[in-house]
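Trainee: I would like to learn how to read helix packing and strand pairing in a model. Can we go through one together?

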Amino acid sequence: MKGFAMRKIGSTGWVEKERPQCGPLDAICRPLALAPCTSDIHTVWAGAIGDRKDMILGHEAVGEVVEVGALVKDFKPGDRVIITAITPDWSTLEAQGGFPMHSGGMLSGWKFSNFKDGVFAEYFHVNDADGNLAHLPEGMDLGAATMLADMVPTGLHGAELADITFGDNVAVIGIGPVGLMAVAGAALRGAAQIYAVGSRKNCADLALEFGATRIVNYREGDIVEQILDLTRGQGVDKVIVAGGDNNTFTQALKILKPGGIIGNVNYLGEGESVPISRLDWGCGMGHKQIRGGLMPGGRLRAEKLARLVTAGRIHPEKLITHTFHGLENVEPALMLMKDKPRDLIKPLVILD
Ligand code: NDP
Ligand code: ZN
């Protein structure tokens with residue numbers, strides 16, 4: 001089969017590989033729709049998780065099951081499924097402890113395009129199929145369904161990490177597709193004011209549609225000053241970080257009230273350490289929590305988040321600004337993600 005791979009740090013290309021083998025608990029799927037992720041860019045071009053040789057990229061897919069292992073109960077060939085980007089080993093102690101994304105070790109629930117070949121291929125392997133596939137709801141838009149693999153669960157996890165509660169004033173730093181879903185998540189969880197930080201017009205427009213109350217443009221001035229001005233010097237109760245760089249945490253601490261929480265879902269791709277400004281952290285005594293997390297993954301969560309789409313409470317299909325057809329077009333779609341033209345939010349590749 002052919003797949004689009006990271007050849008080594010800084011380089012991608014097409015590779016030919018054997019179709020993956022199906023273990024007793026596993027499934028083999030073929031993609032129906034795929035999306036590249038900013039994480040693929042960190043992985044290839046920043047070398048953020050170290051080198052990988054000829055590893056097929058991609059972790060966002062909707063697919064059709066072509067084979068299942070003898071012990072798989074709820075899925076059969078021909079089923080149309082959402083595959084979660086994070087595919088934990090559900091029998092591990094970490095999963096039993098509530099952290100499936102770290103099953104088998106830190107970040108080890110993240111298998112596609114990390115420890116094994118990803119989904120940008122004619123076929124791909126899904127471990128623990130009963131735990132990591134979700135039935136595609138009848139009639140669901142393929143674009144919305146593909147966003148349920150990663151963008152929706154990650155953005156909403158930002159709102160969970162920040163523990164947004166009724167009436168919180170919230171800043172969402174970064175309103176690419178992940179941050180936009182974080183805005184939607186904050187709104188669903190009852191935030192009052194949502195200050196959304198970004199600079200692209202179509203992202204800003206969609207942030208307002210998803211529940212942001214103000215847009216803060218980081219290119220037009222310091223976001224700390226802007227958000228402190230908007231809150232009459234008070235700052236916010238919660239911050240979700242879905243963009244920016246290692247210095248964003250210091251900005252987040254400056255705008256966060258004591259007792260507040262920063263929920264980070266940004267993939268920090270570069271640098272040895274993340275500076276935390278001592279004074280803004282209350283000399284270590286400010287009761288300002290910083291939480292960062294990989295999205296959880298798994299079937300139950302995917303099926304529950306799919307209900308939010310079916311019920312019309314979230315509209316992730318609106319993230320898709322560019323649509324391609326055919327597996328060969330994962331390459332230009334990924335390059336679009338790398339180059340980030342200003343009209344891009346998220347590309348989708350449909351396999352006809
Ligand atoms: P995008 O690059 O599309 O969006 C990044 C956002 O951050 C944009 O709104 C951008 O503004 C904004 N931004 C950039 N620089 C700054 C800055 N200095 N200050 C404030 N805002 C800034 O990324 P995605 O939405 O696709 O992904 C966001 C992050 O989430 C990535 O790091 C990705 O790897 C990660 N991720 C994490 C996952 C997890 O499980 N935790 C899963 C999936 C993704 P603009 O472009 O408007 O100028
Ligand atoms: Zn992703």
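Trainee: How do α8 and α9 run, roughly parallel or roughly perpendicular to each other?

Mentor: α8 and α9 are roughly parallel to each other. Helix α8 spans residues 223-230 and helix α9 spans residues 248-255; they pack at an angle of about 20 degrees, with their axes 9 Å apart. Angles under 35 degrees count as roughly parallel, over 145 as roughly antiparallel, 65 to 115 as roughly perpendicular, and the rest as oblique. Axes are lines fitted to C-alpha atoms, for helices over the stretch in contact, and angles run from 0 to 180 degrees between N-to-C directions. Elements are DSSP runs numbered from the N terminus: helices are H or I with at least four residues, strands are E with at least two.

Trainee: What should I know about the source of the values?

Mentor: This is a predicted model, so local features need pLDDT of at least 70 and side-chain atom pairs count only at pLDDT 80 or more, while totals for chains, interfaces and linings use all residues. Residues are numbered from 1 along each chain as its sequence is written, chains are lettered from A and ligands numbered from 1 in the order written, and side-chain values use heavy atoms, with hydrogens and water left out.

Trainee: Which residues of α8 and α9 make the contact?

Mentor: Contact means heavy atoms within 4.5 Å. From α8 come Ile223, Val224, Ile227 and Leu228; from α9 come Gln251, Lys254 and Ile255. By class, that contact holds 5 nonpolar, 1 polar and 1 charged residues. Ala, Val, Leu, Ile, Met, Phe, Trp, Tyr, Cys and Pro count as nonpolar, Asp, Glu, Lys and Arg as charged, and the others, Gly among them, as polar.

Trainee: Is the crossing of α8 and α9 left-handed or right-handed?

Mentor: A crossing is left-handed if the near helix is turned anticlockwise from the far one by less than a right angle, and right-handed if clockwise. The α8 and α9 crossing is right-handed. α6 also passes α7 in a right-handed crossing.

Trainee: At what angle do α6 and α7 pack?

Mentor: About 15 degrees, for α6 (residues 177-188) and α7 (residues 201-210), with axes 9 Å apart. That makes α6 roughly parallel to α7. Leu180, Met181, Val183, Ala184 and Ala187 of α6 meet Cys203, Leu206, Ala207 and Phe210 of α7. The contact divides into 9 nonpolar, no polar and no charged residues.

Trainee: What about α1 and α11: roughly parallel or roughly perpendicular?

Mentor: α1 (residues 38-45) and α11 (residues 330-339) pack at about 85 degrees, their axes 9 Å apart. They are therefore roughly perpendicular to each other. Thr38, Asp40, Ile41 and Trp45 of α1 meet Leu334, Met335, Met337 and Lys338 of α11. This contact has 5 nonpolar, 1 polar and 2 charged residues.

Trainee: Now the sheets. In what order do the 6 strands run?

Mentor: Two strands pair if DSSP finds at least two bridges between them. The 6 strands form an open sheet, β11-β10-β9-β12-β13-β14, with parallel pairing. Its edge strands are β11 (214-216) and β14 (289-292), each pairing on one side only. The twist averages 20 degrees from one strand to the next. β13 (residues 256-264) pairs with β14 over 4 bridges.

Trainee: Which strands does α8 lie across?

Mentor: β9 (170-173), β10 (194-197), β11 and β12 (236-241); α8 runs at about 155 degrees to β11.

Trainee: What is the order of the open sheet of 3 strands?

Mentor: β2-β1-β4, with antiparallel pairing. β2 and β4 are the edge strands. β1 (residues 2-8) pairs with β2 (residues 11-16) over 6 bridges, and with β4 (residues 55-56) over 2 bridges. Find Met6: this residue stands opposite Thr12 in β2 and opposite Met55 in β4. β1 and β2 form a hairpin with 2 residues between them, and Gly10 in the turn has a positive phi of about 85 degrees. α11 lies across β1 and β2, at about 160 degrees to β2.
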